[in-house]
Amino acid sequence: MRKTLLAFAVALAVSAVSSSYVEAATVVPPGNRNAEQPGVPGASAKRTKASNTSFERKYQKVIDLLSSDKALIAKIKSTAGRYGIDPIHMIGAIVGEHTYNVDAYDRLQSYYVKAASYAGNSFRFGYKDETIAQFLTHSQFAKCQSKKDSYSLWNCREDVWEDSFRGKTVDGVAYPNNRFSAVFFQPFYAGQTFGLGQINPLTALMLSDMVSRTSGYEKLDENDAGAVYTAIMDPDRSLAFMAASIRKSIDDYRSIADMDISKNPGVTSTLYNVGGSQQRAAALAQKNRQRAAGDQPLLPEENYYGWLVNDRIRDLQALL
């Protein structure tokens with residue numbers, strides 16, 4: 001009985017702390033902080049030009065896909081609800097990805113067909129002759145073994161890559177001066193993302209525990225590249241990883257920067273595009289700590305991708 005009462009008291013205390021914490025968070029209001037759209041990277045513009053299309057045509061194409069597919073919208077709403085986020089955040093990420101990074105297929109079924117084409121393919125994650133399993137045996141990664149969840153584990157490994165391997169020669173192997181995900185997790189070509197949500201394989205591995213816990217999908221294994229690609233190519237599972245990524249960004253900004261970004265899909269879309277929500281929230285928090293007492297806190301700003309989402313928010317809301 002005493003244990004039950006103690007557990008109840010702890011739960012009440014945690015609830016009270018959580019409630020006061022939520023109330024203290026600075027709400028990032030809807031809309032853009034920048035009057036004009038920030039510059040679109042040259043690589044995105046080059047890819048679009050090479051495809052003999054334009055950003056506006058790609059935008060209209062993905063809007064048409066979403067507006068004509070009620071089943072997909074229903075899945076987006078259901079998945080968003082499971083992760084406790086507004087579905088507009090997922091709509092924004094899909095629209096941003098398919099406007100600036102890839103062309104949308106004409107119908108959802110095409111994504112399933114594309115996903116099926118990767119099922120059973122034999123490829124691996126690695127760099128040259130070194131598999132990811134072999135690479136992670138380097139002593140520098142020993143400090144990551146204590147990490148209990150997939151997000152902390154792969155963040156630790158990514159930090160080790162940045163500190164000890166990126167652009168350096170280690171044990172006779174010269175490693176490229178490039179991102180961990182581009183060097184070890186792109187067996188076809190660097191920078192490649194896949195599926196409806198355009199998920200990066202490393203991002204999927206980071207979010208594997210959350211997706212498994214929330215959606216019930218099997219946890220991913222870096223030694224089974226085919227299963228990772230199947231997960232991020234399949235539209236249903238891709239939506240789960242997308243929602244998990246957005247949920248993580250919202251949680252990181254609340255817990256690290258004391259910012260509630262849940263009302264601004266342009267900011268969540270920006271973070272979906274650029275990644276690194278923990279590091280970016282920490283950098284923002286540091287800037288705000290250095291401001292004079294009484295100054296209004298600096299707010300996170302949208303990039304070109306998030307700016308479009310906020311600018312066209314009425315179009316996107318109409319889809320729901």
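Is D311 buried, partly exposed or exposed? I looked up its relative accessible area, which is 42%, and D311 is therefore partly exposed. I noted the cut-offs: buried is under 20% relative accessible area, exposed is over 50%, and partly exposed lies in between, with a 1.4 Å probe and protein chains only.

**Entry 1. The model.** I recorded that this is a predicted model, in which local features need pLDDT of at least 70, side-chain atom pairs count only at pLDDT 80 or more, and totals for chains, interfaces and linings use all residues. Residues are numbered from 1 along each chain as its sequence is written, and side-chain values use heavy atoms, with hydrogens and water left out.

**Entry 2. Overall make-up.** I found 16 helices and six strands in the protein. Both are DSSP runs numbered from the N terminus: helices are H or I with at least four residues, and strands are E with at least two. Of the 320 residues in the protein, 45% are buried. I then looked up contacts, meaning heavy atoms within 4.5 Å. Among contacts with a separation of 6 or more, 73% are between residues 24 or more positions apart.

**Entry 3. Salt bridges.** I searched the whole structure and noted ten salt bridges. The term stands for a side-chain nitrogen of Lys or Arg within 4 Å of a carboxyl oxygen of Asp or Glu. Side chains of opposite charge can pair when their charged atoms come close.

Which residue does R312 meet at 3.0 Å, N to O? I found that the partner is E56, in a salt bridge between the two side chains. R312 lies in the loop between α15 (304-311) and α16 (313-318), and E56 in helix α3 (residues 55-67), so the pair ties together parts 256 residues apart in sequence. E56 is partly exposed, at 37% relative accessibility.

I also recorded a salt bridge between D311 and R312, with the closest N and O atoms 3.6 Å apart. Through shared partners, E56, D311 and R312 are joined into one network.

A further salt bridge joins K75 and D236, whose closest N and O atoms are 2.9 Å apart. This pair links distant parts of the chain, with K75 in helix α4 (residues 70-83) and D236 in helix α12 (residues 235-257), 161 residues apart. K75 is partly exposed at 28% relative accessibility, and D236 is partly exposed with a relative accessible area of 28%.

**Entry 4. The nonpolar core.** I looked up the largest nonpolar core and counted 78 residues, of which L66, F135, W154 and F184 touch the most other members. Such a core is a set of buried Ala, Val, Leu, Ile, Met, Phe, Trp, Tyr and Cys residues joined through side-chain atoms within 4.5 Å. Its largest share, ten residues, comes from α12. With neighbours within four places in sequence left aside, the contacts of L66 include I91, I94, V95 and L319.

**Entry 5. Helix α15.** How many of the eight residues of α15 are buried? I found seven, so α15 is largely enclosed by the rest of the structure. They are Y304, Y305, G306, W307, L308, V309 and N310. Their cover includes α3, α5 (87-100), α13 and α16.

**Entry 6. The second largest pocket.** I noted about 310 Å³ of space in the second largest pocket. On a 1 Å grid over the protein atoms alone, a pocket is an open set of points where a 1.4 Å probe fits, with protein on both sides within 12 Å along at least five of seven lines, and lining residues have an atom within 4 Å of a point. Grid points are joined across faces, edges and corners, and the volume is the space filled by probe spheres set on the points. The lining has 15 residues, and Y253, R280, L299, P300 and E301 are the closest to the pocket's centre. Both α13 (265-274) and α14 (277-289) supply at least two lining residues each.

**Entry 7. Two positive phi values.** Most residues other than glycine have a negative phi. I recorded a positive phi near 55° for K128, which lies in the loop between β2 (126-127) and β3 (130-131). K128 is exposed, with a relative accessible area of 62%. D258 has a positive phi of about 60° and lies in the loop between α12 and β6 (259-260). D258 is partly exposed, at 29% relative accessibility.
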